[in-house]
Amino acid sequence: MGVSVALFTRDLRVHDNPVLTAAQRGDAVVPLFVLDEWLITGAGAAPNRLHFLAAALNELDEQLRACGARLILRRGDVVDEVEQIVETLGAESVHIAAEAGHYGKRRATALRDRLAAHRCRVHIHAATVTSVDLEAIRPSTGRDHFAVFSPYFRRWETARHRQPLRPPRHLTVPRLDEAQPGLDDLRAAPASPHVQVGGEVTGRKLLRRWLSEGVGRYAEANDELAADATSHLSPYLHFGCVSAAEVVSRLDLSDPGEYSFARQLAWRDFHHQVLAARPDAAWTDYRPGPVVVREDAQAFDAWTRGHTGFPIVDAPMRQLREEGWMPGRARLITASFLVKTLRLDWRLGAGHFRYWLVDGDVANNQMNWQWVAGTGTDTRPNRKLNPLRQAQRFDADGTYVRRWLPELAEVPGAAVHRPWREGVDRAAYPAPIVEVPGM
């Protein structure tokens, strides 16, 4: 069957990888990853994700070497680099994961157009980045996507989910003599000081621990900010070091915790389906919003630095810079504060999150921001989260806030959420930049 190219993108794994499984049916396979300049030095560059990517590629290479292969790295334009390898080896097919965003779709189209001249077919594999084929769950109305999550989830629950694929036992890789680019410059820009990085090996260990020790409490504890009761799998899902389809297959939906976690994975699929149908929703309103947006550069700067004067907002914004991550509930609180309380454009917040988040996924990040802003798929677009009430519900004794705001470490209990009442020196911690009910 000749030579096939397995073009890794957001599927940096050997376990349950439809791209690699299909490519290995050839006589030889080229496990290829192209370091796209746009992602490394261009507008798409984000230091935390680049540090993670370097670790993930190293672990992918380790996994491939265990199969008698190795990861082939190239740097430059993806289409140019793939074409060169196809020409050099006379490859007959290229396999790549289906993606929802404009970048991924454009890349797949360009590959098909360019490689057609070489009689090389491009195969796009669904349910590689997501847990289900995005086109398999459609509304009965004939629309190309669901606009509301609840009916999507009902269909998702009963949809056919594929079984995980076994990793290859042995791969034959054709000889390529060109020198490989290094990964050092992926780590050149400073990342968050405590960002967690890894790849398939690390991610599978984390998954095993989560399924055996953590997921059972997910339904009751995932919103408790101080409990740190979330899986921390989101970066591994973003880079495909862990397969979303495999995770779903290992969940018992009769268990409340596992069912609740599966629901979050369904949200991820839902957002990918929406973005696949509306790629413009990455930066344009999915629908008109309820808030008249204003401009306030000082307020935005205070929000990004964690100096709004509201500890429940500032603590996660400090955590974001320190770790490149924050809990899901904290993302809702900080986003709602920016777009509903400060009335600033959701695109500002989405851009800031995309820069810092190690799991900064276009579909999840942008569509969640639109959901909070009321321009997305939320059926209650006027929903507004009061930061003080959120603090009372999800960090009642202030443990989470004190963890990230050392200047408030001596303020006891719930009083930490209203430091302006406790005589805290404003030189140490700022006064609130806006008034909210309950102050």
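How many salt bridges does the rule find across the interface of domain 1 and domain 2? Here are some notes on that and on a few other spots; please keep in mind that this is a predicted model.

1. Let's start with the layout. The domain assignment divides the protein chain into domain 1 (3-125), domain 2 (132-163 + 201-277) and domain 3 (297-421).

2. On the domain 1 side 17 residues take part in the contact, and they meet 20 residues of domain 2. Together the two domains bury about 1,600 Å² between them, and 55% of this area comes from carbon and sulfur atoms. Within domain 1, the residues that lose the most area to domain 2 are Arg 10, Asp 16 and Phe 52, which together account for 38% of what that side buries.

3. Back to the opening question: the rule finds one salt bridge across the interface of domain 1 and domain 2. Asp 16, already named for the area it loses to domain 2, also pairs with Arg 162 in a salt bridge, with 2.4 Å between the closest N and O atoms.

4. Over the whole structure, the search turns up 21 salt bridges. One of them joins Glu 37 and Arg 75, whose closest N and O atoms are 2.8 Å apart. Glu 37 belongs to helix H2 (residues 37-40) and Arg 75 to strand E3 (residues 72-75), so this pair ties together parts that lie 38 residues apart in sequence.

5. Next, a helix pair to look at on your screen. Helix H3 (residues 47-65) and helix H7 (residues 200-214) have axes that come within 7 Å and cross at roughly 90 degrees. That angle makes H3 roughly perpendicular to H7. From H3, the contact uses Glu 59, Glu 62 and Gln 63, while H7 brings Glu 200, Val 201 and Thr 202. Sorted by class, this contact of H3 with H7 has three charged, two polar and one nonpolar residue.

6. Helix H12 (residues 297-305) packs with helix H13 (residues 311-323) at an angle of about 65 degrees, the axes being 7 Å apart. H12 and H13 are therefore roughly perpendicular to each other; the class runs from 65 to 115 degrees. Trp 303, Thr 304 and Arg 305 of H12 make the contact with Val 313, Met 317, Arg 318 and Arg 321 of H13. By class, the contact of H12 with H13 has three nonpolar, three charged and one polar residue.

Terms used: Residues numbered from 1 in each chain as written. Predicted model: local features only at pLDDT ≥ 70, side-chain atom pairs only at ≥ 80, totals over all residues. Heavy atoms only, no water. Axes fitted to C-alpha atoms, helices over the stretch in contact; angles between N-to-C directions. Helix = DSSP H or I, 4+ residues; strand = E, 2+ residues; numbered from the N terminus. Parallel < 35°, antiparallel > 145°, perpendicular 65-115°, else oblique. Contact = heavy atoms within 4.5 Å. Nonpolar A, V, L, I, M, F, W, Y, C, P; charged D, E, K, R; others polar. Domains from an automatic or database assignment. Buried area = accessible area lost by both parts, 1.4 Å probe. Salt bridge = Lys/Arg side-chain N within 4 Å of Asp/Glu carboxyl O.
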